[in-house]
Amino acid sequence: MKVSLSNKQLSNVQTYKEWLSLHESAKQSDSVTSDDSFESSRSFLTNHTERMKSLIHHSRLVDLSSFLDESLHQMVGELNNARLHQLCNSEVEAYLDTVTEGIQLLAKTALPNMTQEAKLERFSQVEKNFGRPALMLSGGGTFGIAHIGVVKSLFDQHLLPDIVSGTSMGSIAAGIIATHTDEELAELFNTPEKAHYQPLKPLPLKQKIKQGSWMDETQLKSCIESNIKPYTFAEAYQKTGRSVSITVSPTRPGQKPRILNHLTAPDVLITTASKASCSVPGLFPPASLKAKRSGTNEAEQDYLPSETWCDGAIASDIPRQRISRLFNVNYFIVSQANPHILPFVTQRQKPGISALIKDAAISSLVSQGNAMIKLAQRRITRQPFNASLSYAELLLDQDYLGDITIHPEFPIGWYKKFMINPNEEELKFLILKGEQATWPHLQMIRNQTRISNTLRACIQEMKKD
């Protein structure tokens, strides 16, 4: 159940334990309105739970296996409904407890007329059909440092997905996840003051004019290389087992944005992918990608030498469709920190008539903006105006949300700080904002990912036998 806490209450909370205590107090004094439309779902959950318990109790494992397949197929859509979790929380958790128990029992028990190899293949097929969770980290300039708090909260609760995508500032957080083991991540999260998040250094005026951009790219490179280890995507996957992707946008017309990972670009160095993804047009010059054969000491080489790349958020901030196809993802946790998106997300996720009216007004403005841009594109053919319109169209015509969207809420004064080098106090504030925004969603994420995580753990155990 998700109970709203005021911004004032939340701002004083420093740990998840404190938040849980405050949340429980608020929940006890809050009344949840009944909703008859969920009575059928409540009955469905209860009946399926009791049916599975009976099959487990009587050791009817073949019947249990068939019924689990049927039940998961029927329930996967309903379990994505946040309102169901709020109104039928105890029934949802009882159902998930029983499903988990059933899966673990089937995994460790010999089944009649089924070899271990056949059972492993069956489990692998069920996992593929059910799908897996992914964490998507947006762009956001300085606000994107809040992703570190989001990742820390998920990591602390053992809920960090193995599939992660990062764009622009989110690519730095994704690169950290890709190149650090669990032990190394724990150490990083315990000493955030040691991190280097100072990517901005203005160039002298002559260099700005010559380069056509505002900031020194060597400072950005230094920031990235101090946070991300010098691995290729293939080497990072070999080390951590995490499937981490970084999105880059092309600078040449007619090209499509690329998702770089251990499957699509195994030899590309993650640091260069992140630098390209962070190269906001006008702030930094376009960047090239570098590659080396994994596991060798060969010198770096240009990857697609005729191409240069820029900020991934321009064309594909949250690349849900392509990540879904590559990794069979069925559940997206989006950490959204783009300052131009946060006001839209806030109104869309708030309940009540006022938020509905604001959401409708904002959606209408976005639609009108898209229409005006398309009109301007038909009438304006000169560069660089047409290129700027294309960028604007790409920014507006994206889906920035997930099945769960985590979005920190910043004081209005912070919106003038979305492109700064934070000092130590500001760094801690940004990370804490990310943590605070994640805490209300942890229970929902835990419930939504239990089945896929249980299936995966069982498959890993079976492969050891």
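**Close-ups of a predicted chain**

**View 1. The whole protein chain.** The protein chain has an accessible surface of about 23000 Å², and carbon and sulfur atoms own 53% of that (Shrake-Rupley method, 1.4 Å probe). This is a predicted model, where local features need pLDDT of at least 70, side-chain atom pairs count only at pLDDT 80 or more, and totals for chains, interfaces and linings use all residues. Numbering starts from 1 along each chain as its sequence is written, and side-chain values use heavy atoms, with hydrogens and water left out.

**View 2. Strand β2, residues 163–167**. Five of its five residues are buried. I163, S165 and T167 point one way from β2, while V164 and G166 point the other way. In a regular strand, side chains alternate between the two faces of the sheet.

**View 3. β2 beside strand β1, residues 132–137**. The two strands pair in the parallel sense over three bridges (pairing takes at least two DSSP bridges). One to look for: M136 has S165 of β2 as its bridge partner.

**View 4. Helix α8 (residues 146–156) against helix α9 (residues 169–179)**. Their axes, lines fitted to C-alpha atoms over the stretch in contact, come within 9 Å and cross at roughly 35° (angles run from 0 to 180 degrees between N-to-C directions). H147, I148 and V151 of α8 meet G170, A173, I176 and I177 of α9 (contact: heavy atoms within 4.5 Å).

Notes: Helices (H or I, at least four residues) and strands (E, at least two) are DSSP runs, numbered from the N terminus. Buried means under 20% relative accessible area, exposed over 50%, partly exposed in between (1.4 Å probe, protein chains only).
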